[in-house]
Amino acid sequence: MAASGPSLTVDKSEMGGTLPIRGSGTIGRRQDLQGMRALAVLAVVADHLFEWPSGGFVGVDIFFVLSGFFITQLLIRERTTTRKLSFQNFYIRRVKRILPSALLVLTVTVIAAHFLFPAIRAKSTLVDALYAAVFAANIHFELIGTDYFQVGQPPSPIQHYWSLSIEEQFYFVWPALLVLIFALTRRMRLRGYRWARQWGLFGAMALVVVASFAWAMVVSAHDPNSAYFSTFTRVWELGTGALVAIAGVWLTRLPDAIRPALAYVGLAGVLASLFVIDATVQFPAPWAALPVLSTALVVASFQGAVVRHMYPLTNPVARYIGDTSYTLYLWHWPVIILLLAVLPKGMAFNGIALALAAGLTAITYRFYENPIRQSGWLTADEDDKSHRPKISRTGWGFAAILAVAAVVGSLFSIQFNEKVARTSQADQQLIVSSDAAPAQVVDPCFGASAMVTTGCALRNPSVPLQPTIDQFADDTQGAYSCFRLAGEPLKSCTVGYSGECATRIAIVGDSHAAMLLPPLAQFLTANKWELTTYVGWGCEWQIPAVGDCPIDEIQADLLKQPYDLVITTSARKFGSVAEMQRAWAPVAAAGSRIAVFADNPSVSPESIACLTRVSAGGDHTGDCGTPIAEAFARPDPLLKVVPLVPGATLIDLTRYYCTANRCPTVIGNVIVYRDTVAGHLTATYAKTLGPVIVDSIKGVLASR
């Protein structure tokens, strides 16, 4: 599940949800809702740090409801009491509450990333921070989630800003919509229809909630990543809180006797959601409805009444954590991600992370956030007779526009320069060489050959790593230059020897099959091999396809004019034995030999984190690796298909990846993997397997 958490953007004066108490002229402060904030942020921190409870990420949903309630109540109260709504004052409050701490954390995180992360990751952190600064983080991370070439990369320390961006986008639209509804219902109120405004507000927001939830149901089923980050699939949660605020005048009629019971039922629903929801359920719709509706019930229970018998939510500790929850949320995630660049996970890591997050929160809240929020910055100060230089609101607005323009310009510049430099995985070109023996294989201790050569060290600290720590994550060397991305048509290429008597070879599969192209490209011309590629997202060789890969088109090509050899492999987490057999058998029967490369072992996130971890004790990269039990925890379905298809031959290169007890992250001074979840090889290491791959293919061709 993507990193989640609250984006608590309400001013302290609003955080308690102040409202008139029925039968009293005083204003009551909802301390119970501060306790709800505390519960939500602690759940998120626990989920991110301890991976418990399973549904801790629903803290963001709790806060969406609370924020929608507080902001709507604030706007309605201002419009009702002053008969006008000041957009200027509203956004000044938002700026004073949100920006100082948000920009502080962004700045500190980017600076720390520069010193702790590899260059590529540090640059991506800067880009993430720029998007977050203009409240577009959710859009950015939604796009990254659909970018195939970002799969398996470590999470961004800025990722938690996605929810803050959604709330700010809501704040840009909802006040204007509210003013429009007030204007449209004004004439009806003058005619005596006093109910028109209340029902107009409620009906408009109910329509938004229903439409958003319906859309969330659709997107959650087909594109969970987009559903998680999209404003349109999340606004129903803020809208639910808004509905409770709009219904405030009706909720004041609730009998006092049942209010605590309603609140505890809602609290029980929230607590249950932390444990019954996990990353496997369809989210955010429909499952987010449980914490959303439960939170709404807690909010509604004491509308217009004194909060009673809610000590679990109103005790001093809960209130303090609730008061500082925005700051804690901002700090906790960067602390966890940045600390992983220094320490491995464990008890010491957890203790230090908690102490750092709590300490930074307390210091920021006490000496930075509160003083700024309580200052006269951006507010009218007509009584100030001092001669200090002042900046008008217009001046501040102009400065804000310039700042946003600078951020957007920086983003375009960074993205454009990256495109021109052609350093991204999709832009790297496959180099087809006529050299049968690349210079690098002369050293028997370089790369894969170190695993089978006596006397070779898997890691010699005096020898530089290849690729470098700054480059390994993007080391594909043209493997994806002919790769079909999701939703795109087949992108087939033919490379290598094109003369007479060429041996015709096809390669079919997903991104793991594509990683065979760099090692093969070195030897195609020398061996008179003509290679045609059928690789892409979801293109595991099976019928039916896993995704939207045009497998029928590939199958037709393979049968139309049988190849001398068809090579295939795919990630072990995909594929069905029966469906693979259904695809392979007709091609083998038509006369093509089939060479099946067993999938490389899986790689643990810790092994990559270990590789990039800052160390004061010298080179530690030789100690990084994945335990055998974890590397092969998921069975490879390819191994079961080969015996079922006559003409298929298995090529297992496990001995070039693993020792008896672990699969090292560095072999022969070469970094083996470039990501975690997807388990892709670096092209540099794959190319050191070239001679073994070629000899294996020759053996299959000779067995005709």
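The model is predicted: local features need pLDDT of at least 70, side-chain atom pairs count only at pLDDT 80 or more, and totals for chains, interfaces and linings use all residues. Residues are numbered from 1 along each chain as its sequence is written, and side-chain values use heavy atoms, leaving out hydrogens and water.

**Pairing of β6**

- Strand β6 spans residues 529–536; strands are DSSP runs (E, at least two residues), numbered from the N terminus.
- Strand β5 (residues 503–509) runs parallel to β6 and is joined to it by seven bridges; two strands pair if DSSP finds at least two bridges between them.
- Strand β4 (residues 494–496) pairs with β6 in the antiparallel sense over three bridges, and Thr494 stands opposite Thr532.

**Cavities**

- The whole structure holds three cavities of 30 Å³ or more; a cavity is a set of points on a 1 Å grid over the protein atoms alone where a 1.4 Å probe fits but cannot get out.
- The largest cavity has a volume of about 150 Å³, volume being the space filled by probe spheres set on the points, which are joined across faces, edges and corners.
- Its lining has 16 residues, of which His512, Leu516, Asn600, Tyr657 and Leu681 lie nearest the centre; lining residues have an atom within 4 Å of a point.

Definitions and conventions: 1 Å grid on protein atoms, 1.4 Å probe; cavity = no way out; pocket = protein on both sides within 12 Å on 5 of 7 lines; lining within 4 Å. Buried < 20%, exposed > 50% of the residue type's maximum accessible area, 1.4 Å probe, protein only. Helix = DSSP H or I, 4+ residues; strand = E, 2+ residues; numbered from the N terminus.
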